[in-house]
Amino acid sequence: MPLKILVIIPAYNEAGAIARTVREVLASPLAPVVLVVDDGSQDETFEIARRTGARVVRLPVNLGIGGAVQTGYRYAAAHGFDVALQLDGDGQHDAAYLRALVEPVLNGQADLVIGSRFLSAKEGFQSSWSRRLGIRFFRWLIAGLTGVRATDPTSGFRACGKRLIHIFAGYYPSDFPEPEAIVVAHRMGARVAEVPVVMRPRREGVSSIGTLKSPYYMIKVTVAILLHMIKQRKVYGP
Amino acid sequence: MSISLLAFLLAFFVFIFVVELIRRERLTFKYAFAWLFFALAGILFALFPQWIFSLSAFFGFALPSNFIFFALLGTFIFLSLLLTVFLCQQNKRNDRMAQRIGLLELEIETLKDRT
């Protein structure tokens with residue numbers, strides 16, 4: 001039986017970019033099922049996404065990126081997918097890297113694979129320097145707490161296998177999901193790996209990740225991550 | 001003496017008000033219980049103020065009134081924390097429900113397309 005691969009695309013007011021993003025993913029040789037999660041958009045995201053032939057979940061209210069992505073994991077769990085990939089609806093992530101992300105999951109090297117823009121020989125989109133400083137801090141924080149090497153902890157371009165799909169379907173962080181999910185995965189005994197990807201600057205819309213330069217934001221994310229180190233393991237699942 | 005009467009009336013009023021809210025199902029037991037408990041405690045302390053004096057002395061408060069303020073503050077901290085817990089619970093349920101509705105709608109659409 002061929003492996004069932006799901007690509008989860010969270011989208012909030014991405015009418016301008018969603019069609020191209022979905023088409024790119026559908027053209028991937030992995031032949032994945034594409035699930036767009038429209039996070040209560042006010043624009044035409046839902047209608048446009050539906051016309052692309054992707055499966056589209058429309059959330060009745062805006063849950064934020066974490067709640068939207070978790071919807072995807074719940075779908076993946078309910079339909080018995082073997083691998084779930086996550087890719088932003090804004091077109092920042094290049095579907096050409098889907099195979100590279102999936103590979104470590106398929107050959108059993110890792111349970112969670114993160115596409116990192118800082119490992120790539122090619123430069124691509126690297127974000128502003130202040131943002132990179134924030135990213136570097138979280139990289140250091142996560143490494144210090146968990147030993148996990150995640151050079152691009154805020155990257156929403158990732159893949160995970162069956163066990164994590166079921167864990168994330170039951171529990172997925174909602175405040176600062178990208179870095180938090182790494183810590184959650186680690187605490188659940190998952191192996192985290194990275195692969196180099198080249199990212200593009202976003203064509204449309206605004207980033208859902210708050211300003212990584214604001215000290216207030218940095219403190220909030222840090223506290224959220226620290227709290228994951230003391231939470232009872234059972235809150236994440238069996 | 002009039003102060004303890006005032007305190008009794010206040011505690012009694014809160015208690016009756018909470019009971020009335022429960023009678024009208026405006027407060028359900030789960031959320032009313034803590035209020036009932038503290039209102040009842042208030043009535044008891046208003047009826048037997050000597051308990052306040054002895055507790056206050058036991059904990060070493062200079063004045064019983066300080067102890068009263070301290071106890072009230074503690075009560076409200078507890079109640080508001082409880083409120084936040086309920087809020088989070090509600091929030092989590094809302095999110096779950098929104099996800100479920102979205103997923104069910106997709107399943108319905110898929111079924112419709114199939115027929």
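This is a predicted model: local features need pLDDT of at least 70, side-chain atom pairs count only at pLDDT 80 or more; totals for chains, interfaces and linings use all residues.
**The core**

Let's start inside. The largest nonpolar core has 73 residues, and the members that touch the most others are A:Val7, A:Ile9, A:Leu35, A:Val36, A:Ala84, A:Leu85 and A:Val192. A:Leu85 is a handy one to click on. As background, nonpolar side chains tend to be buried together in soluble globular proteins.

**Where the chains touch**

Next, the contact between the chains. Chain A puts 13 residues in contact with eight residues of chain B. On the chain A side, two elements give two or more residues each: β3 (55-58) and α3 (64-78). Of these, α3(A) gives the most, with five residues. Sorted by class, the chain A side has seven nonpolar, three polar and three charged residues.

**Two helix pairs**

α3(A) also packs on a helix of its own chain, α6 (residues 162-170).

| Helix pair | Angle | Axis distance |
|---|---|---|
| α3(A) and α6(A) | about 125° | 8 Å |
| α1(B) and α2(B) | roughly 155° | within 8 Å |

How do α3(A) and α6(A) lie to each other, oblique or roughly antiparallel? Their angle is about 125°, and angles over 145 degrees count as roughly antiparallel, so α3(A) and α6(A) are oblique to each other. The crossing of α3(A) past α6(A) is left-handed. From α3(A), the residues involved are A:Gln70, A:Tyr73, A:Arg74, A:Ala76 and A:Ala77, and they meet A:Ile165, A:His166, A:Phe168 and A:Ala169 of α6(A). By class that contact splits into six nonpolar, two polar and one charged residue.

Over in chain B, helix α1 (residues 2-23) and helix α2 (residues 29-47) cross at roughly 155°, which makes α1(B) roughly antiparallel to α2(B). This crossing is left-handed. On the α1(B) side, the contact includes B:Phe8, B:Phe12, B:Phe15 and B:Val18, while α2(B) brings, among them, B:Trp35, B:Leu36, B:Leu40 and B:Ile43. The tally for the contact of α1(B) with α2(B) is 17 nonpolar, two polar and no charged residues.

**A few residues worth a look**

Two residues of chain A have a positive phi without being glycine. A:Asn13 has a phi of about 50° and sits in the loop between β1 (5-11) and α1 (18-26) of chain A. A:Ala31 also has a positive phi of about 50°, and its place is the loop between α1 and β2 (33-38) of chain A.

Is A:Asn13 buried or exposed? There are 22 C-beta neighbours inside 10 Å, so A:Asn13 counts as buried. A:Ala31, on the other hand, has 10 C-beta neighbours inside 10 Å and therefore counts as exposed.

Finally, have a look at B:Phe33 in helix α2 of chain B. With 14 other C-beta atoms within 10 Å, B:Phe33 is partly exposed.

Note on methods
Residues are numbered from 1 along each chain as its sequence is written. Chains are lettered from A and ligands numbered from 1 in the order in which they are written. A nonpolar core is a set of buried Ala, Val, Leu, Ile, Met, Phe, Trp, Tyr and Cys residues joined through C-beta atoms within 7 Å. A residue is buried if 20 or more other C-beta atoms lie within 10 Å of its own, exposed if 12 or fewer, and partly exposed in between; C-beta atoms are placed from the backbone. Two residues are in contact if their C-beta atoms, placed from the backbone, lie within 7 Å. Helices (H or I, at least four residues) and strands (E, at least two) are DSSP runs, numbered from the N terminus. Ala, Val, Leu, Ile, Met, Phe, Trp, Tyr, Cys and Pro count as nonpolar, Asp, Glu, Lys and Arg as charged, and the others, Gly among them, as polar. Axes are lines fitted to C-alpha atoms, for helices over the stretch in contact, and angles run from 0 to 180 degrees between N-to-C directions. Angles under 35 degrees count as roughly parallel, over 145 as roughly antiparallel, 65 to 115 as roughly perpendicular and the rest as oblique. A crossing is left-handed if the near helix is turned anticlockwise from the far one by less than a right angle, and right-handed if clockwise.
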